[in-house]
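Subject: Structure handover

Hello,

Here is the structure you asked about. Please open it first, then read the notes below.

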Amino acid sequence: MSSLSRELVFLILQFLDEEKFKETVHRLEQESGFFFNIRYFEEMVTNGDWDEVEKYLSGFTKVDDNRYSMKIFFEIRKQKYLEALACRKDRAKAVEILVKDLKVFSAFNEDLFKEITQLLTLENFRDNEQLSKYGDTKSARSIMLGELKKLIEANPLFRDKLNFPTLKNSRLRTLINQSLNWQHQLCKNPKPNPDIKTLFVDHSCGQSQPNGARAPSPVNNPLMGAVPKPAGFPPLGAHGPFQPAPATLPTSLAGWMANPSPVPHPSASAGPLGFNPPNNAALLKRPRTPPTNNPAVDYQTADSEHVLKRTRTFGISDEQVNHLPVNILPVGYSGQSHGQSSYSSDDLPKAMVMTLNQGSSVKSMDFHPVQQILLLVGTSTGEVMIWELGSREKLAHKNFKASLTSDYTASINRVTWSPDGTLFGVAYSKHIVQIYSYHGGDDLRNHLEIEAHVGSVNDLAFSYPNKQLCVVTCGEDRLIKVWDAVTGAKQYSFEGHEAPVYSVCPHFKENIQFIFSTATDGKIKAWLYDNMGSRVDYDAPGHSSTTMAYNADGTRLFSCGTNKEGESYIVEWNESEGAVKRTYNGLGKRSVGVVQFDTTKNRFLAAGDEFLVKFWDMDSVNLLTTIDAEGGLPASPCIRFNKEGILLAVSTNDNGIKILANPDGIRLLRTMENRSFDPSRVASASVVKHAQTSTMNTFGAANASAGPSIMDRVAPMPSMVVMNGDNRSLVDVKPRIGDESMDKSRIWKLTEITEPAQCRSSRLPDNTSSAMRVSRLIYTNSGLAILALAANAVHKLWKWQRNDRNSTGKATANVAPQLWQPTSGILMTNVISDTNPEEAVPCFALSKNDSYVMSASGGKISLFNMMTFKTMTTFMPPPPAATFLAFHPQDNNIIAIGMEDSSIQIYNVRIDEVKTKLKGHNKRITGLAFSNVLNVLVSSGADSQVCVWSTEGWEKQTSKHLQIPPGRVAAPIVDTRVQFHNDQTHLLAVHETQIAIYEAPKLERLKQWVPPETSGLITHATYSCDSQSIYVSFEDGSVGILTASTLRLRCRISSTAYLPSNPNSRVYPLVIAAHPSEANQFALGLTDGGVIVLEPQESEGKWGTSPPVENGGGPSSMTTSTTADQPQR
């Protein structure tokens, strides 16, 4: 069978497993012989299904294949024989087993067969000395199973058959949906409102065809069901080439509805929501595999995506996609039998590595979703703190004040980050919710205050209905409310609970947004974002005050709670039926527990109970293990995992926090501890920006009256909903760090790296004869490869392999990658024009799944398949030539194309049409950047001008010319680049004479950095993936690293540190690219065609330390400005 046919079998196996055809799955496993399901085998052996055991084995081996196989069959038949002997009534059966099953082994060991036969003469076979320790049947089977697994693993016939390949969820559906979309692309006259009735014939929009309308979007295909989004990439909105079809009620919610309303209700993101009981019943009859909590699909491999129908993130910034705690799937072949990663309790963070002195009782904690060592803490006295675990320092500290003239305080019930980490919310016991914007380091600002409820605000979560960032709150007044996170305006108010609402859990499935809420009387309700009332009315186990939460990939729902009698329950729900699927054992008689999830492995539950932290495997009801964290824990400690599940924060009796770690977490913290503390992180901001006008309330004007808090509680798990934070701040407030002292006597010194031994560098291997300069450079979004575009219009792709030296397979300077080419040997070469390609302005843009690259080198724009290097299509022949490309963040059918003639074309690739042309520059376009928070496009040109365009009407909002520093003269044509900070508001502008930070959309210049003339001109610059640093390359070959928040130079790398000494050659970097998830790694594209990867020494962990504010910024000059440049008329 060919390799592709073999892979098709695996896809069918996955499909059958997802559709719950369990018997068929195992029959196909056995008949194909491709995958030996060890879990299924264990189940059969444990149950003593001996005939099925041998039948299943026969698909992989026979008795006489080799000595391992013979031993496997012998042990199974011997156990069957002994069990028959153990039962006196089965003596005849024992004789039959001896003759039919065991006699075959007499030819190999006649003495052993005789000894086995003699057991028939004994009243009790345990009288045989060798069998004297034979226990009961269950234990004997367990012991034998251990031996069988060792034999199977050692048997060469089972090699490569014990592990199921790593697949994305619903891979076969993905391929079929892609096929339908591709067929529709070929239709001459595409029609709206697709009606796919069969897969037996190709789709066509002809009226005589069975499939007479165009294929639906994979997001909404009612035939194939929802296709969950694979791991590690941004969630997508419903903005593909096919518009969303009306969505049916999601399986999960339908199952909880006793009486679904016949009235259609508007969906939060997918058009009308029709409640159709027959369809829902069909769904419940064989529920689909629950999708991830992503609202759409982004195909993840080159053979499964056509870029022209891609949709795009409506929330998270590009560099964060590999860090989100909501889109990480383990092995796509989900289900208990297939694809389950093997993790042990050793993977749990159990080693106590540090204790933090909080100062007051900890009520709620949450780790930053991107920066894994930042811990947000809320206390019983209303204090909010951000800890950096690497330095064990408090970065920021806020106190609650009920009014400007009162010292009245409030306890915190909940703190939680938005998933992109730019905002966090605080729910107080005094009717108030406060939202802060966080800009890294100590830059914490008041963003919004809402008088949310009468009495205590018991819980808070972020949600994203209708593509709008919202805050969901619940309170003592029995209400659930939804607020606009930008303006603070109330969007919805849900009433129906008869007791205080204890917690909320927003989620979405199959494009349907909904909220679970729980009350102190044990009632569970579910709400859509409308005013039609609760869709679910259900009782929590034991009528407990319950917290509900999904696991990391959004496929499994858990709850944990305690009732008034002190009885606690931790359970998993069957969403299709609205019933408890399993109840976990091990909680105490009187305890308060909160479920926490390992967001990487999707495998463990944890609860703080009985002065311990208790752990469960999600697939087993029995307690896995417990830890006491070296003592000192309260009866019900507050606990919180970090995103990767390698760190665990636990509150203590003495108002502290213990940090526990697994081996990976210990390594992470050791790396961070080696970094010197950076005083600039806690320095007061030197720039206070003008307050933005909005309808937000300012802090400090709250009413002091408040109702009682419901009970001391542990913070619930954050809702697993992906959305985008908005960080447009109302005012800047200087954080007050009360108990943090800085060693001002420490003398800061610029870190100079001049020798190869002072850093890690690797020149990527290149056996091609071409030495053309590198014009463009980018890491793939996965961080596994680097793509370069040379001046001769040829692309080069380097891939890192997963091995013992590089367990993640990500780009690193420690291991050399492979210059990758497909087996065909073809190159990805752009179409070139009649002019010299070296004189053209190259540009490219990479698809979010790393499958396609769109590129141009002065000629037509080409679309390449990154797996095969084949040219999929070309379009837009010059003149004018394309000089910059950028995808619209909310509709990947729309591309902004900067042109050589200074225009910007907004191009719809699906219909091959220029939607509009933007004109405002005088010279060619050299940079484009979208903000999906501000809904603007920022452009930069060779005229040193920056323009801001609204993406709603495409009108120009403002423009500025960069101010050339005194004494510097800019060339007539200079590439000016723009890039948004992760907060999507601050804008990095790169010019050969300067680095500047602007605030969009008004383009108010906040800071400017001018390098010393000795460095030569700036050739390129980029933010690090966490936006905390800026990497700058120069004509003299050096690289500078600036602290982004202050624009101060902290490290300078000389060319002698990464280039061989050659006085006759003038080699320097033209482009610089930052790794998408490793904040201290970057790559350089050189004038000699080389690509260099640079990282700091492992003992250092980062590139230098920031200078204190009072010491200045080192030898380079820096200008800070709060005066806006004059807008261009």
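**Asn 935 and the strands that follow**

Asn 935 is partly exposed, at a relative accessible area of 26%. One caution before the rest: this is a predicted model. Asn 935 sits in the loop between strand 46 (925-931) and strand 47. Its phi is positive, near 55°, and Asn 935 is not a glycine. Most residues other than glycine have a negative phi.

Next comes strand 47 (residues 936-941), which pairs with strand 48. The sense is antiparallel, over five bridges. Val 936 has Ser 950 of strand 48 as its bridge partner. The two strands form a hairpin with three residues between them. In that hairpin, Ser 944 takes a positive phi near 60°.

On its other pairing, strand 48 meets strand 49 (residues 956-961). Again the sense is antiparallel, over five bridges. Val 948 stands opposite Thr 958 of strand 49. This hairpin has five residues between its strands. Trp 954 in the turn has a positive phi of about 65°.

How enclosed is strand 48 (residues 945-950) by the rest of the structure? Six of its six residues are buried, so strand 48 is largely enclosed. In a regular strand the side chains alternate between the two faces of the sheet. In strand 48, both faces are covered. Gln 945, Cys 947 and Trp 949 are buried on one side. Val 946, Val 948 and Ser 950 are buried on the other. Cys 947 has a relative accessible area of 0%.

**Cysteines**

**Rings and charges**

The whole structure holds 28 aromatic pairs. One of them is Tyr 492 with Phe 494, which is stacked. Their centres are 5.9 Å apart, with 20° between the planes. Tyr 492 and Phe 494 are both buried.

Tyr 538 and Trp 573 make an edge-to-face pair, because their planes stand at 75°. Their ring centres are 5.7 Å apart. Tyr 538 lies in strand 20 (residues 536-539) and Trp 573 in strand 23 (residues 568-574), so the pair ties together parts 35 residues apart in sequence. Trp 573 is buried, at 3%.

Ring pairs also build a cluster. Its members are Phe 36, Tyr 40, Phe 41, Tyr 56, Phe 60 and Phe 158.

Two charged side chains sit over rings. The charged end of Arg 6 is over Phe 34, 5.0 Å from the ring centre. The charged end of Lys 799 is over Trp 820, 3.9 Å from the ring centre.

Four strands form an open sheet in the order 13-14-15-16, with antiparallel pairing. Which strands stand at the edges? They are strand 13 (457-463) and strand 16 (490-495). Each has a single partner strand, so one side of each is left without a neighbour in the sheet. From one strand to the next, the twist averages 15°. Strand 14 (residues 470-475) and strand 15 (residues 479-484) are joined by five bridges. Cys 470 has Asp 484 of strand 15 as its bridge partner.

**Loops to look at**

His 543 is in the loop between strand 20 and strand 21 (545-550). It is partly exposed, with a relative accessible area of 46%. Leaving aside residues up to four places away in sequence, His 543 touches Thr 520, Asp 521, Gly 522 and Asn 563. Thr 562 is 19 residues from His 543 in sequence, yet their C-alpha atoms are 8.2 Å apart.

Most peptide bonds are trans. Two cis bonds deserve a look. Pro 879 and Pro 880 are joined by one, with omega about -10°. Pro 880 lies in the loop between strand 41 (871-875) and strand 42 (882-887). The bond from Ala 1000 to Pro 1001 is also cis, with omega near 5°. Pro 1001 is in the loop between strand 52 (994-999) and strand 53 (1004-1010).

Finally, Lys 20 has a positive phi of about 70° and is not a glycine. Lys 20 is in the loop between helix 1 (3-18) and helix 2 (22-32).

Best wishes

Methods. Residues numbered from 1 in each chain as written. Predicted model: local features only at pLDDT ≥ 70, side-chain atom pairs only at ≥ 80, totals over all residues. Heavy atoms only, no water. Buried < 20%, exposed > 50% of the residue type's maximum accessible area, 1.4 Å probe, protein only. Phe/Tyr/Trp six-rings, centres within 6.5 Å; stacked < 30°, edge-to-face > 60°. Lys NZ or Arg CZ within 6 Å of the ring centre and 35° of its normal. Pairing = 2+ DSSP bridges. Contact = heavy atoms within 4.5 Å. Axes fitted to C-alpha atoms, helices over the stretch in contact; angles between N-to-C directions.
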